[in-house]
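I opened the notebook to look at how the chains meet. Two pairs were on my list.

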There are 6 protein chains.
Amino acid sequence: MTDYRPDPALLAKAETLTEALPYLQRYAGSTFVVKYGGHAMGDPELARDFAEDVVLLKAVGINPVVVHGGGPQIGAMLKASGVESKFVDGLRVTDEATMKVAEMVLSGQINKEIVAWIARAGGRAVGISGKDGRLVTATKMKHPTHDLGLVGEIDHVDTTVLDTISRAGMIPVVAPIGIGKDGESYNINADTMAGFLAIATGAERLFLLTDVAGVLDKQKALLTDLTPSQINLLQTDGTISGGMIPKLQTCIDAVEGGVDAAVILDGRVPHAMLIEIFTKQGAGTLVRLG
Amino acid sequence: MTDYRPDPALLAKAETLTEALPYLQRYAGSTFVVKYGGHAMGDPELARDFAEDVVLLKAVGINPVVVHGGGPQIGAMLKASGVESKFVDGLRVTDEATMKVAEMVLSGQINKEIVAWIARAGGRAVGISGKDGRLVTATKMKHPTHDLGLVGEIDHVDTTVLDTISRAGMIPVVAPIGIGKDGESYNINADTMAGFLAIATGAERLFLLTDVAGVLDKQKALLTDLTPSQINLLQTDGTISGGMIPKLQTCIDAVEGGVDAAVILDGRVPHAMLIEIFTKQGAGTLVRLG
Amino acid sequence: MTDYRPDPALLAKAETLTEALPYLQRYAGSTFVVKYGGHAMGDPELARDFAEDVVLLKAVGINPVVVHGGGPQIGAMLKASGVESKFVDGLRVTDEATMKVAEMVLSGQINKEIVAWIARAGGRAVGISGKDGRLVTATKMKHPTHDLGLVGEIDHVDTTVLDTISRAGMIPVVAPIGIGKDGESYNINADTMAGFLAIATGAERLFLLTDVAGVLDKQKALLTDLTPSQINLLQTDGTISGGMIPKLQTCIDAVEGGVDAAVILDGRVPHAMLIEIFTKQGAGTLVRLG
Amino acid sequence: MTDYRPDPALLAKAETLTEALPYLQRYAGSTFVVKYGGHAMGDPELARDFAEDVVLLKAVGINPVVVHGGGPQIGAMLKASGVESKFVDGLRVTDEATMKVAEMVLSGQINKEIVAWIARAGGRAVGISGKDGRLVTATKMKHPTHDLGLVGEIDHVDTTVLDTISRAGMIPVVAPIGIGKDGESYNINADTMAGFLAIATGAERLFLLTDVAGVLDKQKALLTDLTPSQINLLQTDGTISGGMIPKLQTCIDAVEGGVDAAVILDGRVPHAMLIEIFTKQGAGTLVRLG
Amino acid sequence: MTDYRPDPALLAKAETLTEALPYLQRYAGSTFVVKYGGHAMGDPELARDFAEDVVLLKAVGINPVVVHGGGPQIGAMLKASGVESKFVDGLRVTDEATMKVAEMVLSGQINKEIVAWIARAGGRAVGISGKDGRLVTATKMKHPTHDLGLVGEIDHVDTTVLDTISRAGMIPVVAPIGIGKDGESYNINADTMAGFLAIATGAERLFLLTDVAGVLDKQKALLTDLTPSQINLLQTDGTISGGMIPKLQTCIDAVEGGVDAAVILDGRVPHAMLIEIFTKQGAGTLVRLG
Amino acid sequence: MTDYRPDPALLAKAETLTEALPYLQRYAGSTFVVKYGGHAMGDPELARDFAEDVVLLKAVGINPVVVHGGGPQIGAMLKASGVESKFVDGLRVTDEATMKVAEMVLSGQINKEIVAWIARAGGRAVGISGKDGRLVTATKMKHPTHDLGLVGEIDHVDTTVLDTISRAGMIPVVAPIGIGKDGESYNINADTMAGFLAIATGAERLFLLTDVAGVLDKQKALLTDLTPSQINLLQTDGTISGGMIPKLQTCIDAVEGGVDAAVILDGRVPHAMLIEIFTKQGAGTLVRLG
């Protein structure tokens, strides 16, 4: 055997695959809910990479559920239609005309684009919203001072439609819209919806793709692991602020609701999800009960 | 028993239910594909009635599959956006911008409205398009003189997603869009799509809801039953013409493809489908192999 | 659409069907136990109507279980054979010869006639008694002063044979006979047996068909809804008496044993069961926990 | 081991059990149809033995189906009722009154007695007739010179009800009555019915219990194995005659219809069936394709 | 019937079979774990008889699991290889070389011989050890004064592989070897292993085949039934001693762990197991909770 | 996004995983039969790598079946026992003593070592031989001039035991021994056995691990793809010779028997199987129908 010299490049590939083995075994049959948004959604290369990751998860026996956002696209469409956008506490005031545009953009454009990306990557996706199969029942969100219109709060989740699609070997892609008891549509925050679906499906992981590297400490170094109590401290001392606060709250709600871990992941990194799931290094900030 | 006088109104109800019995037995477990469009889609009362009919079919063990159109709504949206509509041989020339609008209107507006109507009637619908689960694979339609853009012809139907939804006790609602081999969207004629889905699912019935009473003879009397050869004669002698010709061709294709019968039904009649299915009178024009 | 005038008769039919929708949804998959007897059993037209009703229930996904009586027919056969009938507290004293005749009439005549009526209505019935599959195990009923012979009390119900028949798409029809631990036959009251079967199968409804309109108040007006405590009051003040008392006790036992509601129904009304189940009016007297 | 002396009686038992092993393996999961009649039915000890045999078959994984006769008992009941019995070519002319008595005796008396014997032996039987589950559809038998009344010929067998009962771990016991297309009862020869059920269930064995030792040659020696062509020869040369001829024809029809073997068995021998099935000696006359 | 004289030998066979009936019914679907060893393993006739018994159990619906020993054969092989055997408290001190020989003899010779005997008897066996499917996880047995090498204690039993084999209609035959957490082999006492497997599979019976008649009292009479407390008394007064003590402890552990009864059986008696299981006499000493 | 710089090492890992995606999708649910032998079996590191590869295949939904050899180990054991090895045409003349040693080494040593390696890699293996579950039935191989003793030819393969193990999430490891009709053991060539198992299980791939790089042309360059007719040419012109000839014949038999492709793979390369299966480069020589 002295004369045998394996190709180092091939060997490296084999090592990557065997490095993935324990993760393959651990996650087989489990559900991963992924909130997809931001740059990863706008950039065709990142969109293709993301779709490949999702299809790979499915191929190795994990059940991915994709929830997407679409705020900027809705804003653009409203602007093109001459409708003014109004926000209260970061929530878009949603009158009927706005809701109609939002639903067309979310369910009729973005949702089906993701379905198409997954098809290109060799998978089979089914694009739905929370209205389909009465997946997400919602009620009007109450606000102390303003009428937010058709902004909704989640009342109840019935995962039958997700389970049905996943068991048939397909990937559910969900637009963040809920259905009221009279059949009306409600605009739901996509992170919140992903968190609720993760709890309701008994997911092993919740991923929130963002446009930042993760949670950073005051020296701008990545915090790779956090517990709910550590997050509270960081919030108290002002290390985390702005949009990261509700995202981390969604993570806390998820892990307290039974999800094993929630991860804030940098959607700008190609294949960030694969690296996080199948290598020892991981990526982003992982939140888990202490 | 001389003194017993049953209430005639209740008796009539009981008779209606027992009249339905043989049809309930005959159709249990079978699939009915329904092309929903025209006035029935625009009028809220008719929409509610239609949703009730579909939910009733599901409740008695039939698997309805709804395919909807949306030409007028697409036209209105394009007009509002200042895009000009161009038609060749009755087919909308569909450039990329037009397709994007069409997909938003079909998948993001009309499709989800039908889902909501079915929810109000107590059913559970899942709104998809032919792209979801790669239900309908399409290629560009060739035309001898014009480039029709993204008008598509159906290449292949894979009913897995429909079967999955139906078996889970839900009702698939399908927008008439196909997916190309590179993930691109194609605009498909809704009648044609309903016919293909009827054949591929092994449907017992194909219903095409229209805005006319059915096929009329030269004396304007309704022709209740037709065979393909009778249709050919009627076409030759000019009794039928215009938009009814492709509709009847879809019916012929369906019954020749194994569908037991195809029915041109007056969508303006409240509950026309129930009357056609569960009473002796029937409604509209039924096409069956001679 | 101004010129479209739907046929009011057809419209009424459609309305009857849609009126049935919520009941179809509510009762799908549940079990209804029906005690069939009295005039409804003697009159061929009512027998045909009853069979149609039972087959219709089956066709829409309800599992009917029919329990029948046969007192008058047993009496007639005994009289023809010159055997004298003796009663104690309304119970027929049943020596071995009487039991043999009773079993022949119940299992060999009435039971199979009902099976035949159901077959004529397009259904598939399987006629059994409580001996088959050891459905109803019984012991000798003790009486303070008399030996009632083979009159039995129910000891144990094993519904395997009913579940087996129902799941195979067939309708069990049960003669009111139990089996003792040495294989001997016992004469069981049919109402009582229906009540026990309703509890043991987890039935949603128990129907007792009688030859009266239901429970009437002192002004002879029908009492449409009663609770066990109201029944006790009515019994105390003498409003109800005679054979209605044990029937209502069976209803109370059933609802206290987990049956959602028990109904005393007028078997002389054609299709009384359909009206009770599928229309808003209802029929007869419904007993439910308060 | 020189001092070990096994008890010869126990050893003999062990040998009997191991002798049964190849038969247990061969017959596991197969169906045996048994026509039960004659003395074996009249004598309580033989009835108990027969029931034990049937329950033992079920316990070791064979699916027994019992078909019973009842001619003598019907005759006795008719005589007691003062009705005259008339026969044409060995077939009882069956008017409506006779049929009613026959059905009561067969379905209401004999059938349920067998059910009770099987219960005593620890098994669970379900007593039905050919009317139940529309098991045996019949038409009026045509006769060149006489009107036989409700004597029936078998038109169609639907074994769903038998399969359902067998799969649920129970033993079907079938009275020889068929159902006409208008729900009327037909009197069917029990041997014939057993033969049809054996073919329709794909039975491995058909047993016809009789009151003779089997088919005897001219020297009165038992013929243990016969082929259809040998039977024809024996009939031609007059060795077999009388009631044995239709019995052997039933055997021939059965084996030509796919039953592996049909056996004419002496019902007077206690446990004749066990000896035939589980020992090397066998019993009676076995008919098999040559 | 006066002239009918059944053959007494056949009658005796039939009686043996019917005597087995209640046991067949009681044990259907249950698991029997059998420790096979001693003379029964060395003698070809007894080995054939044993295999027939095991195959018969399987044929009548019982799931036998065979655990075998092999001490003498291991000793012989070690001697032939010139390796000295050392024992501490009756346990073979097992260094790596000894373990290697033991595993070859147990898994490579004895185990496959039993598989072959069962094949000859018409059954299908699958020979495994506790390493296969990680059936038996073990750790090094601690001893106060000696290092016993690879003698193991059972840590955990995972019966998946046994259930899988049994459900597929096959008979697991298990060599008494466990697997450590680093994949190393451990030598496990076969009686102990049989007891653990009986508890883990929820077995109805544990049989320990030995070379003695069972437990004898001081007058050398067989004690047919014992409770744990009676065993303690017998041990205290010196009635039982030597190798019988750990065997009875295994029995006590088994019945306290949920096994219905454990039987010390004389493996020198041909078909001792059949006699014990299927006749009223029984054989050996049965241990059951008092 | 200008400031984002993904780590190239992580990116490479992600690319390796996505490179594997099409192969994961193509092979999901299929069976791969692997003949394991040579250096890969002797070297602990290669054995560990091999076990990891097999467990990884299982983890991603492929069903691996391992067949192992053991010639050198048998030779060593025979030599240690002073038994002389005799060969005819490369086949070991196998008398009973030799067979006993061979079976001990194959089933009791090598087989269980592989089971242990797979356990260490986190998998669950079940080590059997062709005798278990009567997987491989064999007859004595005939030779024109010599008596080869217990060298066997494969008569019949019954894959039930393999399917059972695979479906239960475990990995079958098979020693190359067959069972004769009298239960005797036969020595089977391991390559041949792997080929038969590949055909009988409908395998997608057959891998033969060897100690060479694959099939080389006259310039010692690796031939990566061959058809049966190309192999015939290479054999005719002397390019291939010696032990490679029967190996390639096994490959030809396999692909002609329905296996999609057979691969001669260099067992000295760490993770050669992973590279062959999940990368574009491949490894070794692949034989496929032209």
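The entries below go through the two interfaces in turn.

**Conventions.** I am working on a predicted model, where local features need pLDDT of at least 70, side-chain atom pairs count only at pLDDT 80 or more, and totals for chains, interfaces and linings use all residues. I number residues from 1 along each chain as its sequence is written, letter chains from A, and number ligands from 1 in the order in which they are written.

**Chains B and C, contacts.** I looked up the contacts here: 34 residues of chain B touch 34 residues of chain C. Contact means that the C-beta atoms of two residues, placed from the backbone, lie within 7 Å. I then asked which elements of chain B give two or more residues to this side. They are α1 (8–27), α3 (44–59) and α10 (272–278). Helices are DSSP runs of H or I with at least four residues, strands are runs of E with at least two, and both are numbered from the N terminus. The most comes from α1(B), with 13 residues. I sorted this side of chain B by class and got 22 nonpolar, 9 polar and 3 charged residues. Nonpolar covers Ala, Val, Leu, Ile, Met, Phe, Trp, Tyr, Cys and Pro; charged covers Asp, Glu, Lys and Arg; the others, Gly among them, are polar.

I superposed the copies by least squares on the C-alpha atoms of residues with pLDDT of at least 70 in both.

**Chains A and B, contacts.** Next I took the other pair: 33 residues of chain A are in contact with 33 residues of chain B. On the chain A side, α5 (96–120), β5 (125–129) and α6 (160–167) each give two or more residues. I noted α5(A) as giving the most, with 14 residues. By class, this side of chain A has 15 nonpolar, 9 polar and 9 charged residues.

**Chains A and B, symmetry.** Chain A superposes on chain B by a rotation of 180 degrees with 0.0 Å of shift along its axis, at RMSD 0.0 Å. Which residue of chain A comes closest to the rotation axis? I found A:G108, with its C-alpha at 1.8 Å. The same surface serves both copies, as 100% of the contact residues of chain A recur in chain B.
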